[in-house]
Amino acid sequence: MNPSLFVAQRITAFVLAFAVTIHLATILYAAQRGLTAGHILQRTHGNVAFFALYVIFVIAASIHAPIGLRAILREWLGWWGRRVDVSLVAFAAVLLTLGLRAAFAVFVA
Amino acid sequence: MKWPASSVRSQRQPGFVAAIIHRLSGLALTIFLPAHFLALGTALSGAGSFERFMNVTDNPVIKALEVGLVTSLAVHLACGVRILTIEFLSLRERTAVTVAVCFAFALACGLLFLLNVQIGAS
Amino acid sequence: MTGADLHIRIWRGQEEGEFQSFRLSARKSQTVLDAVTEIQREREPTLAYRYACRVGMCGSCAMTVNGEPRWTCRTRISTVAKDGTLTLEPLRNLPVVKDLVVDMTTFFEKWRSAKGAFEPGSAPREDFAVVRPDSASRRAADEGIECIGCGVCYSACDVVAWDRDYLGPAALNRAWTLVNDVRDQGQAERLAAVAANGGCNSCHTHMSCTTFCPKKLAPTYAIAGLKRATARAAIRVTK
């Protein structure tokens, strides 16, 4: 871990603190109302606010998760170095792509 | 025999337990995330395809895993906020108390989800 | 408990070895150091262990007592061996020289690597520096200045066990006291040293160091201070 990665992880953590709180509240609200998947899609369809939230959520998570994973790989498996870092950047790209696709999917569905 | 030969008591302190739970919940969420994004992405083929996918997940085992995921999300959030306050707001804590509060919040979220989620209603 | 039998298991050997058992009569107000000394002098002269002051000032007697890193001279047997059993092992995370004695070389090398020494600079001032004791930086330094390098925190730390490069709580705590020393002229090098691989950002706030420090210091919060200082420096560079 170095200060740049640390700063990136803590800033995204701060962003995620808000996004996850909203997401948790949404999940519990949907569960309490017995909303079906279809109901939820109706509410996200064309909803710019939710779309913006999910885009920010995805970008933050795509940065935050691989950095956390990097520490686990180093400390618990002893894996570190350029190849590990390149794989983690690739993983971040996968999360970003799939995530933005998902955010778009619930926006247009 | 090889040393260290006995367990280390530092691993039974609340700060360590919180760190392990924080790390494992983060790992679980990281593994779950691509699957979650792929599932939501099925909505691109229309709401019908999304519904069909959701019906596959409509069974007690999956619901139990979902409760676990909601709890993981909540505990990772709570423990993360604790770390942020220690590191950036110079919080001096009674570790057992703050960690207990984090776990209580996470269990509350998990229970709220468990008691409300219905099987066969999606 | 006085007069009752104590069962004491002591690690013999190095990284390969075994426990040797002893039975001792419990004495009033007996410390773990009392017990180890009695065993070494009267039962097992080949037992190797360290102590010096015997009164909780030097930190030499640190070892693992029933799984916890402690000073044996300041540990009453009645406190830690409530059922009359005691397991004594060397400090964790350091190479074992023999029995209860560890090699502290790495511990102090990391202290040096963290720039844990005062840097007067090439042109020291001519007059005394005025440092108000109630200033924020002096108070921050004073909170950690009493460290005597006993190694208990280093031994308690799980990240030290997991990551060979991690500088550890003692070295980083000392670095923080110097970061807060307004007279020190080596701040840039010190921040770079604690920001490097194995530096302050490897701390995961397990708080074992703070829990076990016999001088009640809090390396966790010192390391949090270093995290803030190095983050600020990193942001300034990219701006």
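Visitor: Why is A:Leu88 called partly exposed?

Guide: In this predicted model, A:Leu88 has 16 other C-beta atoms within 10 Å. A residue is buried at 20 or more and exposed at 12 or fewer. The count of 16 falls in between, so A:Leu88 is partly exposed.

Visitor: Where is A:Leu88 found, and which residues is it in contact with, leaving aside neighbours within four places in sequence?

Guide: A:Leu88 is found in helix H4 of chain A. With those neighbours left aside, A:Leu88 is in contact with A:Pro66, A:Leu69 and A:Arg70. Contact here requires C-beta atoms within 7 Å.

Visitor: What separates the C-alpha atoms of A:Leu88 and A:Phe18?

Guide: The two C-alpha atoms are separated by 25 Å, and the residues are 70 apart along the chain.

Visitor: How many residues of chain A and of chain B are in contact with each other?

Guide: 30 residues of chain A are in contact with 31 residues of chain B. On the chain A side, helices H1 (3-33), H2 (37-44), H3 (48-77) and H4 (82-108) each give two or more residues. The largest share, 11 residues, comes from H1(A).

Visitor: What makes up the side of chain A that touches chain B, by class?

Guide: That side has 21 nonpolar, 7 polar and 2 charged residues. Pro counts as nonpolar and Gly as polar in this tally.

Visitor: Turning to chain C, what does its secondary structure come to?

Guide: Chain C has 10 helices and 7 strands. Its C-alpha trace spans about 65 × 35 × 30 Å along the principal axes. Of its 239 residues, 45% count as buried.

Visitor: Which residues touch the most other members of the largest nonpolar core?

Guide: The core has 63 residues, and those with the most such contacts are C:Leu88, C:Ala114, C:Cys153, C:Leu172, C:Ala175, C:Val194 and C:Leu226. Helix H7 (residues 169-179) of chain C gives the largest share, 7 residues.

Visitor: How do you know where this core lies relative to domain 1 and domain 2 of chain C?

Guide: Domain 1 (5-102) and domain 2 (105-238) both give residues to the core, so it lies between them. Another core, of 42 residues, lies apart from it and includes A:Ala60, B:Phe16, B:Val75 and B:Ala106.

Visitor: Which residues does C:Leu172 touch, not counting residues up to four places away in sequence?

Guide: C:Leu172 touches C:Ala114, C:Leu167, C:Val194, C:Cys200, C:Pro219, C:Ala222, C:Ile223 and C:Leu226.

How values were computed. Residues numbered from 1 in each chain as written. Chains lettered and ligands numbered in written order. Predicted model: local features only at pLDDT ≥ 70, side-chain atom pairs only at ≥ 80, totals over all residues. Core = buried A, V, L, I, M, F, W, Y, C linked by C-beta atoms within 7 Å. Domains from an automatic or database assignment. Contact = placed C-beta atoms within 7 Å.
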